[in-house]
Protein chains: 2
Amino acid sequence: MSVTAAKGFQAAGITAGIKESGNPDLALVVNRGPRLAAAGVFTSNRVKAAPVLWSEQVLKGGLVSAVVLNSGGANACTGPKGFQDTHATAEKVADVLDLNAGEVAVASTGLIGVLLPMDKLLPGVETAAGQLSEHGGEKAAIAIKTTDTVHKTAVHQGDGWTVGGMAKGAGMLAPGLATMLVVLTTDADLDSGVLDKALRDATRLTFDRVDSDGCMSTNDTVLLLASGASEVAPEYAEFAEAVRAVCDDLGRQLIGDAEGASKDIKVEVINAATEDDAVEVGRSIARNNLLKCAIHGEDPNWGRVLSAIGTTRAAFEPDRLNVAINGVWVCKNGGVGEDRDQVDMRYREVVVTADLAAGSETATIWTNDLTADYVHENSAYSS
Amino acid sequence: MSVTAAKGFQAAGITAGIKESGNPDLALVVNRGPRLAAAGVFTSNRVKAAPVLWSEQVLKGGLVSAVVLNSGGANACTGPKGFQDTHATAEKVADVLDLNAGEVAVASTGLIGVLLPMDKLLPGVETAAGQLSEHGGEKAAIAIKTTDTVHKTAVHQGDGWTVGGMAKGAGMLAPGLATMLVVLTTDADLDSGVLDKALRDATRLTFDRVDSDGCMSTNDTVLLLASGASEVAPEYAEFAEAVRAVCDDLGRQLIGDAEGASKDIKVEVINAATEDDAVEVGRSIARNNLLKCAIHGEDPNWGRVLSAIGTTRAAFEPDRLNVAINGVWVCKNGGVGEDRDQVDMRYREVVVTADLAAGSETATIWTNDLTADYVHENSAYSS
């Protein structure tokens, strides 16, 4: 049900002709109210795509009546013309649907450094507007795919209210979110301040802890729109947990569809002195190419984990570190532990547990293995 | 000529049986004086192998009479027993050659988390001692290879004095040096203070700017030994330049032999506000897996360069960035520049130039592409 699971929303996904493949490439999500509250989180990359620069401004007002998203082109590093194109796209949506362009968010994904074919995109907006429907969430989710092999949606039912969402993302998944576009919708009756807090709390623990290849995108955008159509205002804790659950579900789907991956790797850091330490160590392990290759080869090479931990500033003593792979403590007190032959790595999910023995804080980072398929996909991406 | 190019040194390289392959695996380098001055630089990884912990202590005295190096095992993450083994190795060398064990440096390379077969290593020290020769440099260089396809040596002739050296390293090459063992020797008549300064100045600009896969090792060791046998004390600048030249030569050989690489990539950062900015940006570009895959595919995907720059804290304005690939300015002012089809990437060396337009400082980082062969080599390394 995606972005149309919650009441008050319509969506569409169509083929505008932006992609040469002829696959769907334009999505529209419209909030029919009564409320138009919204919050957004964007890439922390300092090189930001035009639609990110535009949407950051839109979100400052806390009101979003529509989101237009395209695949087939990131509109990043495209200069003043790229920004004009984003602006024109928002104006077109506003025109066709009789909205205020300053309340239309824009998101793009695809190759960097190429201008969008506006002669196809703008007529596409009209087509999409004509197909808006309370059942359009699935089609919208399909239209934002790039190298994704499947479209990604998630829904959480509250007591009389709903949070739903869609995501796209396969490669370039890193801390500042990912080349990831996410639209979440809810019919809960909440203002933009509450949405903003819930969204930031959720992304910090979910999308920000997904790190497929350490590469941070120029286009990451996560939006949360509330229509108020349920006329229910849930408690903050309950609502925040629902948003977190939907983000967690979508984040796991992103990792599960990561380019060329054959293993989903859960890096658990335990007994850290601080949560920041746990996150820093988790990321360092998750980004270690040698470990990611070893896991691809189903090799419980815990030495790679220790050398990754050793590059961090986290509090730990080298001779107190413990590492488990799929529950077998192969490294104890910084040295050889249980027999590595006991580690069974045949399944897709692999759990690496790093015990810093320095406190009681924990963090979990999700990543995937590094494979020849990843190399193949990304050595032929733009050509 | 390697470590025996300079007068006053003897070396040997033999097969002790540490490696199952039966390839040479033990090297010995001895300084016959009259001077025994030395300096060392070690990995900045906080998880340090036993020989690193030992040799750091030895180098504090500024005197090294011999270096014993083994391949076939890193002796890292091996606990108190590992440290005892390193100590016993130094004692054995001291015994056989009538030296002070506190002046014997030890270096190891190979798999982490495995104890060394001391029943083979210690007799190997005796064998090596019996084969020491002024012509043994080449054999020593061969005995320290692991996944290296070739052995690496370099020599610089000064006016009446010489600097020579050997290196091993193929994977795990990153800023804190690399899984890299380097022994440099000179017959210049200089004290350990001068050696230390020259070595640090040289490694900062050479080995520290080689970044094959962003993975920092537990074993990196670079030693510089002076015998004084030439009875010449060169000017500092001249000597420092010679050390830098030898390190630069060896560093380039390391990149040229990086695991699975098909391209050597020179990342030049120009017009940075500070040298630190230039290095930070250079490393960020050099570590971007997506760019490394694109270069493997001979795809001048400059968007990857911009998104890598955008993750740094360096001073720059996104719309003033310029990027050239092999001399073609494919990105100008943060947007599309010259025609990317003009870029010729058929040759092994690829030059990526990032112009930050923010000052006048520069830095060069060497890396290589990311290939399916890298994945294959590292997914089957320990098994």
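Tutor: Here is a walk from the sheet to its helices and on to some salt bridges. Keep in mind that this is a predicted model.

Let's begin with the strands. Chain A has an open sheet of four strands, and reading across it you get β1-β2-β4-β5, with mixed pairing. At the edges sit β1 (9–14) and β5 (104–108) of chain A, each pairing on one side only. Neighbouring strands here are turned by 10 degrees against each other on average, if you ignore direction.

Helix α3 of chain A, residues 118–130, lies across β1, β2 and β4 of chain A, and runs at about 50 degrees to β2(A).

How do α2(A) and α3(A) cross, and how close do their axes come? The axes come within 10 Å, and the crossing angle is roughly 25 degrees. Angles under 35 degrees count as roughly parallel, so that is the label for α2(A) and α3(A). Their crossing is right-handed. On the α2(A) side, the contact is made by Asp85(A), Ala88(A), Thr89(A), Lys92(A), Val93(A), Val96(A) and Leu97(A). From α3(A) come Met118(A), Leu121(A), Leu122(A), Val125(A), Glu126(A) and Ala129(A).

On to the charged pairs. Over all chains, the count of salt bridges comes to 40. Take Arg200(A) and Asp196(A), whose closest N and O atoms are 3.2 Å apart in a salt bridge. Both belong to helix α5 (residues 192–205) of chain A, and because they are four residues apart there, about one helical turn separates them. Arg200(A) is partly exposed at 42% relative accessible area, and Asp196(A) is also partly exposed, at 27%.

Further along, Arg204(A) meets Glu275(A) in a salt bridge, at 3.1 Å from N to O. What parts does this pair tie together? Glu275(A) lies in helix α7 (residues 275–286) of chain A while Arg204(A) lies in α5 of chain A, so the pair links parts that are 71 residues apart in sequence. Glu275(A) is partly exposed, with a relative accessible area of 25%, and Arg204(A) counts as partly exposed at 41%.

Over in chain B, the side chains of Glu241(B) and Arg244(B) form a salt bridge, 3.0 Å from N to O. These two are three residues apart in helix α6 (residues 236–256) of chain B, which puts about one helical turn between them. Glu241(B) is partly exposed at 39% relative accessibility, and so is Arg244(B), at 26%.

Last stop, back in chain A: Arg252(A), Asp264(A), Arg348(A) and Glu349(A) are joined into one network by salt bridges that share partners.

Notes: Residues are numbered from 1 along each chain as its sequence is written. Chains are lettered from A and ligands numbered from 1 in the order in which they are written. This is a predicted model: local features need pLDDT of at least 70, side-chain atom pairs count only at pLDDT 80 or more; totals for chains, interfaces and linings use all residues. Side-chain values use heavy atoms; hydrogens and water are left out. Two strands pair if DSSP finds at least two bridges between them. Axes are lines fitted to C-alpha atoms, for helices over the stretch in contact, and angles run from 0 to 180 degrees between N-to-C directions. Contact means heavy atoms within 4.5 Å. A salt bridge is a side-chain nitrogen of Lys or Arg within 4 Å of a carboxyl oxygen of Asp or Glu. Buried means under 20% relative accessible area, exposed over 50%, partly exposed in between (1.4 Å probe, protein chains only). Angles under 35 degrees count as roughly parallel, over 145 as roughly antiparallel, 65 to 115 as roughly perpendicular and the rest as oblique. A crossing is left-handed if the near helix is turned anticlockwise from the far one by less than a right angle, and right-handed if clockwise.
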